Amino acid sequence: MLLALPILIWFGYKEVQKQSQPPQAVLVLGGSTRKLEREKFTAEFVRKHPKLPIWITGGSPPRTTRSVFVKAGVDPKRLHLDYEAVDTVTNFTSLVDDLKAKGIKRVYLITSDFHMRRASVIGEIVLGSRGIDFQPISVPSKSPPEPIEKSIRDGARALMWVATGYTGANDPSKGGKPRIESRR
């Protein structure tokens, strides 16, 4: 028990340290429905955080996404739109090094409530591998949570990516989609 005490104190210290650092960006996992729930929720959310850049991975076409934010009074220059991802694991792996290069150590992670468990598992592994923490923000829906098997499967894929750089997804670079589209 005495050996465990220093470890518990260390983890407690790290948790307090994480919670004391405010997020430096917003990371949105695209993939909402035609009603654009995630984009609309995020547009309202970021109005309360006017200095944070907004990284959206996957999701609606750029013109549609920008329109949602402009209608909400959010400067589209804050948007960084990434269309390289083909699934939830690559939502994270396609952007994590860009976030790290910008010095971002903590983000708000926005996705639908039914998707948050899987996103959190992947985020802990992929973002955590680069020293980036996140605060989950769920978009309310009426959908039941995803099966836990999806979290286990994609958690294993995220671990594989950390170990090998391979996600197990189809090569997104063959899709001809732009890497990141920013308005700076």
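**Close-up views of a predicted model**

View 1. T90 lies in helix α4, which spans residues 88-93; helices (H or I, at least four residues) and strands (E, at least two) are DSSP runs, numbered from the N terminus. This is a predicted model, in which local features need pLDDT of at least 70 and side-chain atom pairs count only at pLDDT 80 or more, whereas totals for chains, interfaces and linings use all residues. Residues are numbered from 1 along each chain as its sequence is written, and side-chain values use heavy atoms, with hydrogens and water left out. T90 is buried, with a relative accessible area of 4%; buried means under 20% relative accessible area, exposed over 50% and partly exposed in between (1.4 Å probe, protein chains only). A polar atom of the T90 side chain lies 2.7 Å from the backbone nitrogen of V86. Neighbours within four places in sequence aside, T90 is in contact (heavy atoms within 4.5 Å) with A85, T167 and A169.

**View 2. The buried side of helix α2.** In α2 (residues 37-47), the residues R38, E39, T42, A43, F45 and V46 are buried. They cover an arc of only 165° around the axis and therefore lie on the same side of α2; the arc is that of the directions from the helix axis to the C-beta atoms. The elements covering these buried residues include β1 (25-29), β2 (54-57), α3 (62-71), β4 (106-112) and β5 (133-139).

**View 3. Strand β1 and its partners.** Five of the five residues of β1 are buried, so this strand is largely enclosed by the rest of the structure. A25, L27 and L29 point one way from β1, and V26 and V28 point the other way. β1 pairs with β4 in the parallel sense over four bridges, pairing being assigned if DSSP finds at least two bridges between two strands. V26 stands opposite Y108 in β4. β1 and β2 also run parallel, joined by four bridges, and V28 has I56 of β2 as its bridge partner.

**View 4. The largest nonpolar core.** A nonpolar core is a set of buried Ala, Val, Leu, Ile, Met, Phe, Trp, Tyr and Cys residues joined through side-chain atoms within 4.5 Å. Among the 21 residues of the largest core, L27, F92, V107, L109 and L127 touch the most other members. At least two residues of this core come from each of β1, α4, α5 (96-101), β4, α6 (116-126) and α7 (148-164). The largest share, four residues, comes from α6.

Definitions and conventions:
Polar contact = N/O pair within 3.5 Å; in protein donor to acceptor, adjacent residues only side chain to side chain.
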